[in-house]
Amino acid sequence: MKRAIALCGGGTKGAYELGVWRALRELGIEYDIVTGTSIGAINGSLMVSGDYDKACELWETIRPENVMTEGLNLTTTIEGMYNQREAIGPFLKKYVKNKGADISPFLEFIDRMVDEGKVRASRTDYGLVTVQVSSMKALELSKNEIPQGKLKDFIMASASIFPIFPMHKIDGETYLDGCYYDNLPIDLALKMGADEVIAVDLHTSPSHPAYLNKPCVTCIIPSRSLGTILNFDRKVIEGNIELGYWDALKTFGKMKGKNYTFYPEGFSEYSEVIQVFASRVARAESYLTEGIFNRFIKPGDSKKLCGNIEEHIRKKPGAYTKEDYFLGAAELCGEMFGLSGTHPWRIGDFIREIVGKLKGKEHYPDIFLFHGRKGRDLILGLAELKQRGGSDYMAACMYYGYQEGEIDLKEQLNLLARQPYELTAALFLLTVEEVL
């Protein structure tokens, strides 16, 4: 049984892959093959040679000047670009002259980081993806197919993301970044003999959705955006390393959650809350066939609350548990009330923090908004309420509205149809308050 690691391309977002590697080392997960594209090919070469400390050094020391002469830190913020305004002119001049950024520092950086001899001597096989320009042919190459002495060249070819970087020449032939063919080389790993693949994506929207539910592939997908491909901000890089670590542990069942990270201990103490919440959600949805709704909804057709929670959790269809629904609702509630997702939580602390965000009901005068309003009047009222106070305010109004008996079946149906996320949060808060 051969296991492969497939690593995605994505520039400085590749710091996430170091975090995943850290988790794999802690879990004792071994591998026989590593494939990579672009930054994945660079990280992958270090994984094959077993140079974890060197990989840490790479991501601890990488700066714009390690990659481009007079380079820029390409953040997504206007402030980030404004702070570099004096560097833009010289950068653009060299960019035009070199038909891409001057990446001679990056060539030197890779030459120092990658040890071709160790990669070739390793028992772990290695493969990368690049594109030959003259034929526009994709090349999926194992280390045995790469000529001796040319490994670093082909790694650079795989990472030549034109037009940001210039195309890379090897023996008179020009090559492009492998992302133009396959940015996450799962297929290459399988062709090289892998029986199972751990695929590390760098995009929140999966690079290969068809592989998400395949039994031979385990996908590790970022639980939040990793930013831009050339963002050298230290906090961003360090945050992405940590995120890769926690996401990998969640993927292998050692931690829980999606956008948040939870220690697995302590959930048994909330078994009654979990049961009551799951029942309450299911019962709320069952009423969708009441009144005017039965004109266009048949029993079992619409599961709006569960559907929204499932969309948030994003697991394999049919694999959801009551705990999944509870945790998904907790996360939705946490996001509304602004809880931090940068560190792991104990579920009890998380719940207490959410409840602590609630003010007394006197701070939510709109709890009476729902009673007796319907149709366009209710829609306009809800829109105004959300604009005025936000989702957290609306969820709190619903929560206190339930407590005060201001939300009956008809109001609940209207809220279910129009504000399902806020209603989910309100039902979560209500369940926690009643059961604990």
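This is a predicted model: local features need pLDDT of at least 70, side-chain atom pairs count only at pLDDT 80 or more; totals for chains, interfaces and linings use all residues.
At what angle do helix H1 and helix H2 pack, and how far apart are their axes?

**View 1. The whole chain, with its helices and strands.** The chain contains 18 helices and eight strands, and buried residues account for 52% of its 436 residues. Among contacts between residues at least 6 apart in sequence, 70% join residues that are at least 24 apart.

**View 2. The packing of helix H1 against helix H2.** Helix H1, residues 15–27, and helix H2, residues 39–49, pack at an angle of about 30°, and their axes lie 11 Å apart. Because angles under 35 degrees count as roughly parallel, H1 and H2 are roughly parallel to each other. Their crossing is right-handed, and the contact is formed by Glu17, Trp21 and Leu24 on the H1 side, with Ile39, Gly40, Asn43, Leu46 and Met47 on the H2 side. Sorted by class, the residues of this contact are five nonpolar, two polar and one charged.

**View 3. Helix H1, its length and its end.** With 13 residues, H1 reaches 19 Å from its first C-alpha to its last, which is close to the 18 Å expected at 1.5 Å a residue. Glycine 28 follows H1 and has a positive phi, near 70°.

**View 4. The buried residues of helix H1 and what covers them.** Buried in H1 are Ala15, Tyr16, Glu17, Leu18, Gly19, Val20, Trp21, Ala23 and Leu24. The elements covering these buried residues include H2, helix H3 (52–61) and helix H11 (234–251), together with strands E1 (3–7), E7 (196–200) and E8 (217–220).

Methods: Residues are numbered from 1 along each chain as its sequence is written. Side-chain values use heavy atoms; hydrogens and water are left out. Axes are lines fitted to C-alpha atoms, for helices over the stretch in contact, and angles run from 0 to 180 degrees between N-to-C directions. Helices (H or I, at least four residues) and strands (E, at least two) are DSSP runs, numbered from the N terminus. Angles under 35 degrees count as roughly parallel, over 145 as roughly antiparallel, 65 to 115 as roughly perpendicular and the rest as oblique. A crossing is left-handed if the near helix is turned anticlockwise from the far one by less than a right angle, and right-handed if clockwise. Contact means heavy atoms within 4.5 Å. Ala, Val, Leu, Ile, Met, Phe, Trp, Tyr, Cys and Pro count as nonpolar, Asp, Glu, Lys and Arg as charged, and the others, Gly among them, as polar. The expected span of a helix is 1.5 Å times one less than its number of residues. Buried means under 20% relative accessible area, exposed over 50%, partly exposed in between (1.4 Å probe, protein chains only).
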